[in-house]
Amino acid sequence: MRVRHTRKVVGAIAGMLMLGAIGFAMCDGQGERRRPGAADSAPVSGQRIGQARCGACHGPAGEGRPGFAPPLTPITSRLAAAPGGRDYLIDFMLYGLRGEVEIDGTRHRGSHPSFAELSDEEIAAVLNGLIEQSGDRAFQGAEVAARRSQPRSGEEVRRNRPPLDAP
Ligand code: HEC
């Protein structure tokens, strides 16, 4: 009798621990991925905006659609690291892109939508969610505001695209 009771208690404790672990894993999965120094002060979630705004073309997790749209994190990280790339990415978000670009051997013709309707902080947060943990400085809303005050066309954005090295 005693032994059975002890087993029950042990079983109950083990069950609670397992439930706790599952609960923790679920919370973890739903939480924001945070990089130190990036978007920590931003009150908006770049990841959530990105899923809503970019997912239809770049895939729900930004994984890209072969032959159509590139995987988001690698191309954004490479552009951010290239000379002039930070300004280019902000302009790309604000004014879109018009004309032909070649990304790793695939030629893309057409136009990329702009996201000027997002706030400066939201644009910074989307970009921060995409630059890898490369030690790059986080984008700030103020940088976006500065470029928003210098409107340009999608063609001009394309002319300012930095050349990229092979991945
Ligand atoms: C309507 C479809 C569509 C949507 C929506 C979209 N993209 Fe794209 N994206 C593309 C395509 C197609 C390309 C390939 C280049 C091109 O055709 O302009 C691309 C290319 C890019 C590039 C590479 C640009 C370069 O110069 O190499 C980046 C960065 C990018 N997208 C970011 C984003 C982000 C961030 C969002 C959401 C805020 C987004 N895109 C939403 C279709 C889309």
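Student: What makes a residue part of the shell around the ligand, and which residues are the closest?

Tutor: The criterion is that the C-beta atom, placed from the backbone, lies within 6 Å of the molecule; 22 residues surround the ligand, and the closest are Cys54, Cys57, Ala69, His108 and His112. The elements that give two or more residues to this shell are α2 (46–58), α3 (72–81) and β2 (101–103), and the largest share, six residues, comes from α2. Helices (H or I, at least four residues) and strands (E, at least two) are DSSP runs numbered from the N terminus. This is a predicted model, in which local features need pLDDT of at least 70 and side-chain atom pairs count only at pLDDT 80 or more, while totals for chains, interfaces and linings use all residues. Residues are numbered from 1 along each chain as its sequence is written.

Student: Why is α4 called roughly perpendicular to α6?

Tutor: Helix α4 (residues 85–95) and helix α6 (residues 141–148) pack at an angle of about 65°, with their axes 10 Å apart. Axes are lines fitted to C-alpha atoms, for helices over the stretch in contact, and angles run from 0 to 180 degrees between N-to-C directions. Angles of 65 to 115 degrees count as roughly perpendicular, under 35 as roughly parallel, over 145 as roughly antiparallel and the rest as oblique, and the angle therefore makes α4 roughly perpendicular to α6.

Student: Which residues of α4 and α6 meet?

Tutor: With contact defined as C-beta atoms, placed from the backbone, within 7 Å, Asp87, Ile90, Asp91 and Leu94 in α4 meet Glu143, Val144, Arg147 and Arg148 in α6. These residues divide into three nonpolar, no polar and five charged, where Ala, Val, Leu, Ile, Met, Phe, Trp, Tyr, Cys and Pro count as nonpolar, Asp, Glu, Lys and Arg as charged, and the others, Gly among them, as polar.

Student: How do you know that α4 is largely enclosed by the rest of the structure?

Tutor: A residue is buried if 20 or more other C-beta atoms lie within 10 Å of its own, exposed if 12 or fewer, and partly exposed in between, with C-beta atoms placed from the backbone. Ten of the eleven residues of α4 are buried, so α4 is largely enclosed. What covers its buried residues includes α3, α6 and α7.

Student: Why does Pro151 count as exposed?

Tutor: Pro151 has 11 C-beta neighbours inside 10 Å, and therefore counts as exposed. Its place is in the loop between α6 and α7 (154–159).

Terms used
Two residues are in contact if their C-beta atoms, placed from the backbone, lie within 7 Å.
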